[in-house]
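Colleague: Hi! Could you walk me through this model in plain words?

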Amino acid sequence: MEMGTKARRVSRNNKGGALLITIFLMAMLAIAALTAVDTAQTDIELSFNQLHADQAFYVAEAGLKRALVELISYNSWDDGYAGVSFESGAYSVAVAHSDIDSLIIDTVILRSTATVQDAHANLEAVVVPRLWYPFQYAVFGKDSIDMINSINTDSYNSDSGTYAGTVANTDGDIASNGTIDLVNTATIGGDASSAVAGGVDVCATCTVFGDVESGIDPYDLPIVPDSEYVWAHDNNSAPGGLSGSFSYDGATHELTLANNAVATLSGGTYYFSDINLGSTSDFMVASGEVVRIYMSGDLVVSSSALVNPTEPPASLQIFSKGDLVAIGMSIEITAAFYGPGTDVIINNASNFYGSIIAKSVWMEDAAQVHYDRALMEKPMGTTGEMIMIAWKEI
């Protein structure tokens, strides 16, 4: 009897132990399940946080890109944006440029802040105008170049010395997207290139010291943005920047120098419609200054006039939307001229020091162009296009 009782007690004890183990295992499984649920919930929350952070980043990026479009359309844009809704969030953009901070010159700083739910993103971008090197030729005529009777081009370097000390029969290049006609002892101290197959006609008595090429890729001749002309008009240094003897019409912006008149331009930006320079007049740039002229009309220079005879070509930059530049006989001009819609005519015994970029160029009777090699490496303005050169998350 005692043995049976003991066996029953051992059996009951075993069953009780198994129950405790089962309860313990169930408790452990429950804890593991709760932990898994909590971990999953945390992962979900982290995923949503990351998703919102990514969304905030892209919303801030959208703000930067919209601001860049505004700057390309209008380089002086500085309004920025405040709380603009985009997708599931909103962005704000602040703009800083030289009008606000003189230390950044022509650089623009864009700062875009975006919020999506509780996530935030802050981006900063550096935007600058694309530099422009328009004066790569002694003479460029988009449609045509005609050089007749003892015409000459050569080059010199105003950064290295005088014309006489640096002159060479190299780099006095001429080029056209149309045709080039060299007639009766024309001499080119450089290359002659045309985008037209067979587009360079060199007479038997003409000389080209460089290469003669036809069928080259056309040279892109950008139009100066209207915004630059508007800025020049609104910030015109005329007439206050002019001294000497001249006539200036404030309503039409026409400038006239009478015969034998002398006028001097101080440094700055000028806006003119037509410019008429009388015979033996002197149109000067003040020593050490840089003048940029924007023209909407024609430039007419009468015989024996002098234009900027004492300063280098880069000191007088002329950008024109006019139809015509007419240079009379025995004239000396030192300038860099850019007029993609302008016909340029240079008459006998006149000398042009610098560069001519135009729609067409006609030279005759011992007229000469002396290309300044220093212009090759100097940006004379911008394309009007703003480009983003760097960005970072802040």
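Colleague: Let's start with tyrosine 156: buried or exposed?
Modeller: Tyrosine 156 is buried, because its relative accessible area is 6%. Buried means under 20% relative accessible area, exposed over 50%, and partly exposed in between (1.4 Å probe, protein chains only). This is a predicted model, so local features need pLDDT of at least 70 and side-chain atom pairs count only at pLDDT 80 or more, while totals for chains, interfaces and linings use all residues. Residues are numbered from 1 along each chain as its sequence is written, and side-chain values use heavy atoms, with hydrogens and water left out.

Colleague: And how many aromatic pairs does the structure hold?
Modeller: There are 18 aromatic pairs. Rings of Phe, Tyr and Trp (its six-membered ring) pair if their centres lie within 6.5 Å; planes under 30 degrees apart count as stacked, over 60 as edge-to-face and the rest as tilted.

Colleague: What kind of pair do phenylalanine 135 and phenylalanine 319 make?
Modeller: A tilted one, because their planes are at 45 degrees, with the ring centres 6.5 Å apart. This pair links distant parts of the chain, 184 residues apart: phenylalanine 135 is in the loop between strand S4 (119-132) and strand S5 (139-148), and phenylalanine 319 is in strand S24 (residues 316-320). Strands (E, at least two residues) and helices (H or I, at least four) are DSSP runs, numbered from the N terminus.

Colleague: How buried are those two?
Modeller: Phenylalanine 135 has 0% relative accessibility, so it counts as buried. Phenylalanine 319 is buried too, with a relative accessible area of 1%.

Colleague: Which other residues join them in a ring cluster?
Modeller: Ring pairs link Phe135 and Phe319 with Tyr229, Tyr294 and Tyr338.

Colleague: Switching to S24, why is it called largely enclosed?
Modeller: Because 5 of the 5 residues of S24 are buried. Both of its faces are covered: Leu316, Ile318 and Ser320 lie on one side, with Gln317 and Phe319 on the other.

Colleague: Which strands pair with it?
Modeller: Strand S21 (residues 291-295) pairs with S24 in the parallel sense over 5 bridges, and strand S26 (residues 332-346) runs parallel to S24, joined by 3 bridges. Two strands pair if DSSP finds at least two bridges between them.

Colleague: What stands opposite phenylalanine 319 in S26?
Modeller: That's tyrosine 338. On the S21 pairing, arginine 292 stands opposite glutamine 317 in S24.
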